[in-house]
Amino acid sequence: MKHLLSAADLSHAEALAILDTAEAMAETQSRQMKKLPTLRGRSVVNLFFEDSTRTRISFEAAAKRLSADVINFSAKGSSVSKGESLKDTAQTLNAMGIDAVVIRHQASGAPHRLAETDWIDVPVINAGDGTHQHPTQALLDAFTMRRHLTGAMDGSPAATGADLAGRTVAIVGDILHSRVVRSNVDLLHTLGAEVVVVGPPTLIPVGAESWKARISYDLDRVIAEDRPDAVMMLRVQRERMSGAGGGYFPSPQEYTRAYGLDAARLAALPDHAIVMHPGPMNRGLEISAAAADSPRSTILAQVANGVYVRMAVLYLLLASDEGLDA
Amino acid sequence: MTSYLLTSAAILGGEPTDLLLADGVIAAVGPDAARLAGERDDVVTVEAAGLVALPGLVDFHVHLREPGREDAETVETGTRAAALGGFTAVFPMANTDPVADTAGVVEQVLRLGQDAGWVDVHPVGAVSVGRKGEHLAELGAMAASAARVRAFSDDGTAVADPVLMRRALEYVKAFDGVIVQHAQDPRLTAGAQMHEGVVSAELGLAGWPAVAEESIIARDVLLAGHVGSRLHVQHVSTAGSVEIIRWAKSRGIDVTAEATPHHLFLTDEYVRSYDPVFKVNPPLRTAADVEAVRQGLADGTIDIVATDHAPHPAEDKDCEWAAGAHGMLGLETALSIVQRTMVETGLLTWADVARVMSATPARIGRLTDQGRPLEVGEPANVVLVDPAATRTIRADALASKSTNTPYAGMELPGRVVATFLHGRATVLDGALNEAR
């Protein structure tokens with residue numbers, strides 16, 4: 001595989017190869033000298049058409065720790081804001097002789113277009129496209145779950161080849177607009193986990209019944225009956241309250257009452273269950289401070305793990321002969 | 001003027017027969033043709049053995065983009081494409097710049113069509129001023145103009161306001177007009193990118209629900225029935241729409257409907273490529289919808305095939321999906337798609353094809369000199385098709401100014417060998433011949 005466009009493209013073996021490589025990368029990061037020479041002389045462009053400080057910084061840190069040169073291209077203040085097309089931007093970068101593109105774009109499918117047209121001829125890594133996919137987020141989530149839900153279950157490195165068979169993951173919130181959930185459903189299914197997506201019906205897309213996940217509108221029931229090993233809370237944007245037809249839910253208070261991870265729901269989770277969030281959080285809306293700051297929260301571990309996973313993806317796409325093929 | 005003797009043509013797919021086209025009419029059919037041809041010194045013989053002869057095709061839904069978007073298409077280039085596709089008459093929609101909402105603009109388009117000379121061009125007038133859906137355009141002035149407009153449409157957007165729709169339906173009764181509706185509830189489709197269903201849920205593209213089409217059609221057939229006027233529904237794309245129209249016809253409501261070639265053939269699975277060449281409005285639907293549209297066309301619920309030929313310049317398609325323009329080319333591939341989806345499947349005969357692609361669209365548009373039977377004395381609008389031929393579609397080989405065909409690289413059956421417009425060969429040997 002030359003590109004990383006969608007978590008759905010990864011086989012069981014390919015996904016485990018990335019996660020195992022990420023563990024190897026993590027091991028190097030406990031050394032005092034964190035920088036590896038692997039990608040010396042290669043240049044990686046972070047092509048961000050949408051603001052995302054944390055994802056961009058994570059990719060930048062990953063590339064730099066592999067000694068790649070990093071060029072950050074933000075659409076704001078660039079020629080893109082003057083109407084330059086994605087095609088022209090891609091061709092311009094191609095002419096400059098870069099080795100990989102990490103793209104974040106508000107249009108679903110934009111990374112596919114980069115990969116499948118002749119605009120640019122380098123590996124493309126999807127860093128989030130519209131409401132479609134965010135594969136490295138799913139990989140870092142799976143990496144985190146492997147560490148917390150298998151083996152010693154204490155966040156220490158997972159065994160090589162471990163998957164998530166038999167685990168149950170509840171993903172809660174704005175399913176309709178979330179690229180994180182689409183990538184997670186695909187990857188978690190591939191790794192053997194059972195997924196329940198939970199949210200108000202207005203925020204679950206028509207057609208989701210075909211996903212490899214169960215659908216629920218009742219978070220309390222999912223916690224009580226499915227006993228999830230992990231609960232992933234998705235960011236709910238406040239602007240979803242307004243808009244056409246009066247919004248997707250009546251008020252933030254009603255949303256929080258039904259779908260927020262408050263202290264009572266936190267206490268109702270199984271003892272070993274972890275609380276995840278891709279960030280940035282709306283404290284008090286989808287997640288309470290009690291949950292976000294509890295010992296079972298892996299939110300900061302997810303941030304750290306994101307760097308290892310992105311190092312692994314860059315390494316496998318740019319430095320290994322096999323690419324992502326396992 | 002040259003006369004043409006078409007030898008051994010299978011009229012509507014029937015027995016080989018000779019036809020003589022002379023002085024703009026069909027001068028003879030059968031044994032008389034060769035005899036009468038022998039009495040003339042201006043006859044060119046076209047060997048038509050193995051070819052099917054149909055009345056010249058009539059396309060009730062095209063976009064020729066002129067005036068305003070001459071970078072995408074002109075009346076000249078679009079009507080060249082039409083002639084090559086076997087058409088002898090087209091109805092260009094009103095969403096030009098300026099909008100064809102006055103007698104002046106429709107007469108301009110009429111004249112551009114006459115100057116080009118490849119097909120008869122019958123402009124469609126806008127229903128509302130500027131296609132804004134607020135005030136009736138001067139429908140009477142357009143009807144009384146040299147363009148003699150009978151079909152009115154805000155195509156590209158729906159006439160969403162039910163009161164405006166009612167008034168339009170009523171008003172055109174005075175001159176036997178028809179309101180041609182692009183059925184799309186704007187509120188249910190704000191920001192919509194593709195058919196709402198399994199594929200959109202996976203691709204993360206905002207959904208265009210079938211109900212946004214069906215609810216407008218349901219409202220409009222009830223309105224048309226209530227005021228006793230004529231309604232034509234454009235580009236029917238869903239199984240539910242077919243059901244509603246079937247019900248309306250059973251109640252005696254004066255409604256007609258069209259299907260596009262792409263809605264007879266392509267599904268939303270093509271959107272998985274994220275290639276905007278498959279972006280069209282209404283969107284490509286599911287396989288079940290495609291089957292329902294085919295059945296609707298076969299049983300007469302859907303009256304006609306119309307292409308919705310919609311050229312766009314490369315920069316509006318060579319981009320990410322959300323930035324892409326809606327629409328696809330259709331004129332030069334329509335007959336092949338109908339052959340593939342309807343004739344080769346046994347759903348339609350060639351006589352049925354003549355009905356749905358010529359006679360009925362001409363009747364809906366109130367044309368008296370198009371869509372006529374291939375009989376002595378009728379206008380010599382004829383197309384010769386080689387149904388045994390196959391061709392691989394190449395976007396850069398099309399006559400249209402744009403290249404946004406969804407069929408590039410596909411091998412399709414059928415080839416238009418010759419097209420005759422009022423006795424003139426606009427196409428001979430599969431190539432453009434003479435315009436005037």
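Which residues in α1(A) meet which residues in α5(A)? The close-up views below take up this contact and others in a predicted model, in which local features need pLDDT of at least 70, side-chain atom pairs count only at pLDDT 80 or more, and totals for chains, interfaces and linings use all residues. Residues are numbered from 1 along each chain as its sequence is written, while chains are lettered from A and ligands numbered from 1 in the order in which they are written.

**View 1. Helices α1(A) and α5(A) come within 10 Å of each other, taken between their axes.** Helix α1 (residues 12–28) and helix α5 (residues 135–149), both of chain A, cross at roughly 70° (helices are DSSP runs of H or I with at least four residues, numbered from the N terminus; axes are lines fitted to C-alpha atoms over the stretch in contact, and angles run from 0 to 180 degrees between N-to-C directions). The two are therefore roughly perpendicular to each other, a label given to angles of 65 to 115 degrees. I18(A), L19(A) and A22(A) in α1(A) meet L139(A), A142(A), F143(A) and R146(A) in α5(A), where contact requires C-beta atoms, placed from the backbone, within 7 Å. By class, this contact has six nonpolar, no polar and one charged residues (Ala, Val, Leu, Ile, Met, Phe, Trp, Tyr, Cys and Pro count as nonpolar, Asp, Glu, Lys and Arg as charged, and the others, Gly among them, as polar).

**View 2. The axes of α5(A) and α6(A) come within 8 Å.** They cross at roughly 55°, and the helices are therefore oblique to each other. From α5(A) the contact draws on P135(A), Q137(A), A138(A), L139(A), D141(A) and A142(A), and from α6(A) on V180(A), S183(A), N184(A), L187(A) and L188(A). Seven nonpolar, three polar and one charged residues make up the contact of α5(A) with α6(A).

**View 3. The contact between chains takes 22 residues from chain A and 19 residues from chain B.** On the side of chain A that touches chain B, α3 (86–95), α4 (110–116) and α6 (179–190) of chain A each supply at least two residues, and α4(A) gives the most, with three residues. The residues of this side of chain A divide into eight nonpolar, ten polar and four charged.

**View 4. A53(B) touches residues that include L6(B), L19(B) and L384(B).** Also among its contacts are A9(B), A10(B), I11(B), A48(B), L374(B) and V382(B), not counting residues up to four places away in sequence.

Notes: Parallel < 35°, antiparallel > 145°, perpendicular 65-115°, else oblique. Contact = placed C-beta atoms within 7 Å.
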